[in-house]
Amino acid sequence: MELGSVVKIIKQHAPTSLAESWDNVGLLVEPSSPHTVNTIMLTNDLTPPVLEESLEKKVDLILSYHPPIFSAVKRLSQGKWKDRLIIKCIENRIAVYSPHTCYDAKAGGVNDWLIGAFDTSNVVPVTNAEEIPGGYSHKVNILTKDSTNLQSVLSSLAVKQVSSPITTSSGEVMTVCSVLCNKCTLSEVFKAVEGSDCEVDTIENVKLEKIPVSGYGSGRYATLKQPLTPQEAVDAVKKHLNLLHVRLAAKPGNKYIKSVAVCAGSGSSVLRGVNADLYLTGEMSHHEVLDAVYSGANVILCDHSNTERGYLKQVKQELSEKLKDVNILISETDMDPLVIV
């Protein structure tokens, strides 16, 4: 399948509009066309061993949960290990795509998978994702008698038009042409209207606000169907994540756990202040753990990528249903850099 078609399906699976504003998601390395994708490798991190594995298995696209390119890049050189990875991907015509916080926020994403360690009810995001419906940032309302000609003038622009008739206070019938556009095309809309022969009564620019998206967002919170002891919660997490060891900070009193809040990866900023009996995440600092425990929450830490990597099995299954002609692999060399010894 052609790379563009594959990327379109990956974006449908997890829209990039769900990503946090600070994140760097999407197609990060794009080989020149044509680029046919026969094999995709899923990995939590793009590391030298993962890239070597990709070369051995003749991978055409690496889907790396964490973006290997994050900050602005002014040069690519052999002096930095991540630069060397990107250079090698380019040399070997391997595309790189990162979904990162799109997977965090999506319904059925990594946080829904993580909270699946427990038998829960009423699962909701800790913080709701927000997006502008349709992906447009501005709406230009144009009051005119000449709607047909105006629509023709604007038809060549990358905008969406919606028209509705209104009757003015004087009884005159006019049309409100609402033009949905992005910031980059806003000036083009005004320029096209001003340069046309259309009779326009008023023109108004409205900046659209983001609205919460139900079921989407950072972290997950839920109540347990049956209360658990801290040890029972630990056992459930170990089984779900296939880990021999996790770290537990138990709150004083060792009371039953009736509610849980989770955040894959580094969860301190998302979980801070959440009223739950248990926090489950990959990592938190010493002081953040102390604050959580003495504010009434047990804490289970599993190391960062251990709370994310298992979700790739679900990603493989879901993408395989949409990319039937593409071979999808999960890296065998990808692993958390920290081990308990």
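Contact means that heavy atoms lie within 4.5 Å. The model is predicted: local features need pLDDT of at least 70, side-chain atom pairs count only at pLDDT 80 or more, and totals for chains, interfaces and linings use all residues. Residues are numbered from 1 along each chain as its sequence is written, and side-chain values use heavy atoms, leaving out hydrogens and water.

**Exercise 1.** Describe the surroundings of D277.

Step 1. Locate the residue: D277 is in the loop that runs between α9 (268-271) and β15 (278-283). Helices (H or I, at least four residues) and strands (E, at least two) are DSSP runs, numbered from the N terminus.

Step 2. D277 has a relative accessible area of 17% and is buried (under 20%; exposed is over 50%, partly exposed in between; 1.4 Å probe, protein chains only).

Step 3. List the neighbours. Leaving out residues up to four places away in sequence, D277 touches K251, Y256, I257, K258, S259, G296, A297 and N298. For K258, the backbone nitrogen lies 2.8 Å from a polar atom of the D277 side chain.

**Exercise 2.** Classify the ring pair of Y103 and Y311.

Step 1. Recall the rule. Rings of Phe, Tyr and Trp (its six-membered ring) pair if their centres lie within 6.5 Å; planes under 30 degrees apart are stacked, over 60 edge-to-face, the rest tilted.

Step 2. Apply it. A search of the whole structure finds three aromatic pairs. In the pair of Y103 and Y311, the centres are 5.5 Å apart and the planes are at 80 degrees, so it is edge-to-face.

Step 3. Y103 belongs to helix α4 (residues 101-105) and Y311 to the loop between β16 (298-301) and α11 (312-322), so the pair ties together parts 208 residues apart in sequence.

Step 4. Y103 is buried at a relative accessible area of 0%, and Y311 is buried at 1%.

Terms used: Polar contact = N/O pair within 3.5 Å; in protein donor to acceptor, adjacent residues only side chain to side chain.
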